[in-house]
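Student: Please take one part of this structure and look at it closely. Then set that part in the context of the whole chain. Keep it brisk.

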Amino acid sequence: MMEAAAVPKLAWRVVKPHIPLIRFRKGSPLELVRGSQEPNAVAGKAALGGVTQAPKVLEEWEVPYKYRRPLITEEEIEYINRGGPA
């Protein structure tokens with residue numbers, strides 16, 4: 001019979017290394033919105049001749065109709081305000 005302390009060690013031997021299926025972009029989401037704040041990155045982009053601008057943030061009224069949220073009815077508003085079914 002195996003000892004209780006040997007079971008976790010055996011489990012690590014059985015687990016095989018895996019290849020991640022998802023690859024994330026380098027950097028944080030805030031850098032994508034505000035632009036990189038690192039001096040090296042700014043100097044590197046300026047040296048390449050590229051103009052860096054933060055992406056434009058759309059206001060609610062600027063969003064195309066096909067991407068807007070559907071309007072909710074008075075019945076749906078009452079249902080939400082009362083917290084669900086009566």
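Tutor: Start with Lys56. Lys56 is exposed, because its relative accessible area is 64%, and exposed begins over 50%. Keep in mind throughout that this is a predicted model. The side chain of Lys56 meets that of Glu62 in a salt bridge, at 3.4 Å from N to O. Glu62 is partly exposed, with a relative accessible area of 27%. The structure holds one salt bridge, and Lys56 and Glu62 make it.

Another charged side chain deserves a look. Arg68 lies over the face of Tyr65. The distance to the ring centre is 4.3 Å. The limit for such a placement is 6 Å.

The protein chain has four helices and zero strands. Along the sequence the pattern reads α-α-α-α. Of its 86 residues, 1% count as buried. The accessible surface comes to about 9400 Å². Carbon and sulfur atoms account for 62% of that surface.

Part of the surface is a nonpolar patch. Leu21, Ile22 and Phe24 make this patch, with an area of about 470 Å². Leu21 sits in the loop between helix 1 (6-14) and helix 2 (29-34). Leu21 is exposed, because its relative accessible area of 85% is over the 50% limit.

Toward the end of the sequence comes helix 4, residues 74-81. Helix 4 is hardly covered, and the count of buried residues among its eight residues is zero.

The mean pLDDT of the protein chain is 74. In all, 56% of its residues reach 70 or more. Confidence is highest in helix 4, at a mean of 94. It is lowest in helix 3, residues 39-47, at a mean of 52. Where pLDDT is low, predicted coordinates should not be read in detail.

Key
Residues numbered from 1 in each chain as written. Predicted model: local features only at pLDDT ≥ 70, side-chain atom pairs only at ≥ 80, totals over all residues. Heavy atoms only, no water. Lys NZ or Arg CZ within 6 Å of the ring centre and 35° of its normal. Helix = DSSP H or I, 4+ residues; strand = E, 2+ residues; numbered from the N terminus. Buried < 20%, exposed > 50% of the residue type's maximum accessible area, 1.4 Å probe, protein only. Areas by Shrake-Rupley, 256 points an atom, 1.4 Å probe, with all protein chains shown as cover. Patch = residues over 30% accessible without salt bridge, like charges linked within 9 Å, V, L, I, M, F, W, Y side chains within 5 Å. Salt bridge = Lys/Arg side-chain N within 4 Å of Asp/Glu carboxyl O. pLDDT = per-residue confidence, 0-100.
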